[in-house]
Amino acid sequence: MESLRLTVYKHKKFPLGRLRYMDLVIKIRNITRDFPLGNEVVKVLKGIDLDIERGEYVALMGPSGSGKSTLMNLLGCLDTPTSGSYLLNGKDVSNMSDDELAEIRNKEIGFVFQTFNLLPRTTALENVALPMVYAGASKKDRTERAREVLTNVGLADRMDHKPNQLSGGQRQRVAVGRALVNRPSIILADEPTGNLDSKTSEEIMKLFGDIHKAGNTVILVTHEEEIAENAHRIIRLRDGMVESDTKKQFQSEGARVGQ
Ligand code: ADP
Ligand code: MG
C-alpha cells in the first residue's frame, strides 16, 4: 500500500533529527495511581518516570494487572494521577479540571480501545466526525475531513455503514479514523487487536505502521511479542513499575518501507 498521508505533521518547525532532544511529547515523573477499594487502598502505579519523544512508536507490555490500562488512561487524560507530574507537550496536565482535560483530550489525544467503542446507531462518517463537533468545526469541514480520514484507513466504500454493518476489522478502522480526525499529538491504543483474528490484526498493525510513518507518535498496549515487534521501543511494566525500557536501533526509512 502507498504510504498514507493520514495527518499533517504538527510541528514542522522541529523536524526529526533537529532539536529532537527538546521535543518531548510526554514527560512523566514519579507518577502514582491508587484506587480505594473498600477500606483498603490498591496501589496500582508505584512511581513511573517516562519520556516519549515526538514521532516515537512505543509498545507497552506486561502481565495482566500490571497497570498498563491504568497508565494509558493517565497518558490519555481520561484519568489523573494520585501523585507525580505529567507534562503533555510541555503543559502540566496532572492537576487539570475535568473540563480542561476534556479539551486537551479532544485536541491532543487519539484513543483506540480494544472494544472499538463506536456509537452504534451512527454511521462510520458520523462516528469519525464526532470529535470535530466538540472541537467546534463546521459541518462542511467535518464531513470533508472525515471522508478524507476514512479513505486513508481504507473505508472509502463504507462511510454510510453503521457499526453493526461492518466487520470487526472495519470497526477498528473507523475507531482509528476517529482517533486521527483532529490531528492529535499522540495516538494511544489499548490492545487494539485484542478482539480481532490474526489476519485482521496484521492489517490493523499495518495501519498503525503507516500512521507512525506519517509522523505520528504512537503508543500501543499489547501482550503479543509479535505485535510489539512493530514498535521501535518496548516498555515493560511489572507490578506498577517499569521493569525494562528498550529502544531498537532506528532502521532507515528505506529498510522499513521495503518490509
Ligand atoms: P492491565 O491493563 O495491565 O491488565 P490495569 O491497569 O487494568 O492492568 O489494572 C491494574 C490493577 O489495578 C489491577 O489489579 C486492577 O484490578 C486494578 N484496578 C484498575 N482499575 C481499578 C479501579 N478503578 N479500582 C480498583 N482497582 C483497579
Ligand atoms: Mg488492560
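**The shell around ligand 1**

Analyst: Helix 1 gives the most to the shell around ligand 1, with 3 residues. Helices (H or I, at least four residues) and strands (E, at least two) are DSSP runs, numbered from the N terminus. This is a predicted model, in which local features need pLDDT of at least 70, side-chain atom pairs count only at pLDDT 80 or more, and totals for chains, interfaces and linings use all residues. Residues are numbered from 1 along each chain as its sequence is written, while chains are lettered from A and ligands numbered from 1 in the order in which they are written.

User: Which elements each supply at least two residues of the shell around ligand 1?

Analyst: They are strand 1 (24-37), strand 2 (40-53) and helix 1 (68-75). Among the surrounding residues are F35, V42, G65 and K68; a residue is near a molecule if its C-beta atom, placed from the backbone, lies within 6 Å of it.

User: How do the axes of helix 3 and helix 5 cross?

Analyst: Axes are lines fitted to C-alpha atoms, for helices over the stretch in contact, and angles run from 0 to 180 degrees between N-to-C directions. The axes of helix 3 (residues 124-134) and helix 5 (residues 168-180) come within 7 Å, crossing at roughly 25 degrees. Helix 3 is therefore roughly parallel to helix 5, a term for angles under 35 degrees.

User: What share of the protein counts as buried?

Analyst: A residue is buried if 20 or more other C-beta atoms, placed from the backbone, lie within 10 Å of its own. Here 38% of the 259 residues count as buried, in a protein with 8 helices and 10 strands.

Terms used: Angles under 35 degrees count as roughly parallel, over 145 as roughly antiparallel, 65 to 115 as roughly perpendicular and the rest as oblique. A residue is buried if 20 or more other C-beta atoms lie within 10 Å of its own, exposed if 12 or fewer, and partly exposed in between; C-beta atoms are placed from the backbone.
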